[in-house]
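User: Could you take a close look at one helix for me, and then at how some of the other helices pack? I'd enjoy a connected walk-through.

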Amino acid sequence: MSSWAPKRFWTDAEVLACGEGYEVQLDGRSVKTPLKTRLVVPTEAFAQKIAAEWQAQEELIDPKTMPFTRAANAALDKVTVQRVEVADMLAAYGGTDLLCYRATDPEGLRMRQAAGWDPLLDWASETYGARLQVTAGIVPVDQSPEALARLSAAVHSYAPFALTGLHDLIAISGSLVLGLAVARGRLTAEEGFDLSRIDENWQIEQWGEDEEEAELVSLKRTDYLRAKEIFDLSQRQPDA
């Protein structure tokens with residue numbers, strides 16, 4: 001069977017302000033999500049990214065080349081309608097946060113983890129009043145319910161479009177604290193991704209890097225950096 005893809009049917013993609021934010025129109029017709037919701041995003045910059053994706057399509061539409069459109073679709077069709085459940089799922093990462101699980105050896109890896117991760121646990125304590133405890137190896141550690149509740153409240157404070165970006169910042173790294181630190185600007189996205197891979201990078205230094213794995217890591221990095229961009233694009237600027 002031959003694959004099917006919808007053909008381009010428009011000439012111009014443009015951004016228009018509307019009551020709820022900004023929408024993208026194709027030759028005057030509103031873009032719709034897969035569930036037929038008008039594709040309206042919080043900021044003009046976000047809408048411009050989406051319009052550029054549509055304008056760049058050639059004869060056949062390729063959704064793989066439209067990550068900002070896909071993110072907006074997810075925010076509207078999925079996250080908006082189950083915002084509490086998504087926030088709960090992301091907050092649950094605090095109970096098994098990557099930063100809290102340390103190597104028992106070698107000493108060099110333990111020191112690298114402590115140097116990279118301890119300041120972020122301190123930051124979470126100072127910023128949210130949430131002190132997470134550290135353990136060695138795979139021995140589970142029970143975190144303070146109060147600390148987890150405060151981190152959960154931080155996650156629940158975000159609107160659906162911001163949660164859409166925050167989702168990948170947390171899920172790709174395996175760390176609620178790292179995701180929040182990148183979202184809040186405590187770290188750049190590049191720093192956050194590298195800190196999430198201290199263990200893997202240590203192993204690469206010892207044994208070398210597999211070419212196929214390197215390609216997968218590159219894709220994850222791209223997704224992670226884009227997640228931060230999506231988070232930032234979702235933030236309305238305060239009125240001057």
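Analyst: Happy to! Among the elements that cover the buried residues of H10 are helix H1 (44-56), helix H2 (67-79), helix H6 (160-171), helix H7 (176-183) and helix H8 (189-196). Please keep in mind that this is a predicted model. The buried residues themselves are Val 217, Tyr 224, Ala 227, Lys 228, Ile 230, Phe 231 and Leu 233. In an α-helix there are 3.6 residues a turn, so residues three or four places apart point the same way. H10 runs over residues 211-233, 23 residues in total, and its first and last C-alpha atoms are 33 Å apart, close to the 33 Å expected at 1.5 Å a residue.

On the H4 side the contact is made by Leu 120, Leu 121, Trp 123, Ala 124 and Tyr 128, and on the H7 side by Val 177, Leu 178, Leu 180 and Ala 181.

For another pair, turn to helix H3 (residues 83-91) and helix H5 (residues 145-156), whose axes lie 9 Å apart at an angle of about 140°. H3 and H5 are therefore oblique to each other, and their crossing is right-handed. H3 makes the contact through Arg 83, Val 84, Ala 87, Asp 88, Leu 90 and Ala 91, while H5 uses Ser 152, Val 155 and His 156.

Notes: Residues numbered from 1 in each chain as written. Predicted model: local features only at pLDDT ≥ 70, side-chain atom pairs only at ≥ 80, totals over all residues. Heavy atoms only, no water. Helix = DSSP H or I, 4+ residues; strand = E, 2+ residues; numbered from the N terminus. Expected span 1.5 Å × (residues − 1). Buried < 20%, exposed > 50% of the residue type's maximum accessible area, 1.4 Å probe, protein only. Contact = heavy atoms within 4.5 Å. Axes fitted to C-alpha atoms, helices over the stretch in contact; angles between N-to-C directions. Parallel < 35°, antiparallel > 145°, perpendicular 65-115°, else oblique. Left-handed = near helix turned anticlockwise from the far one by under 90°.
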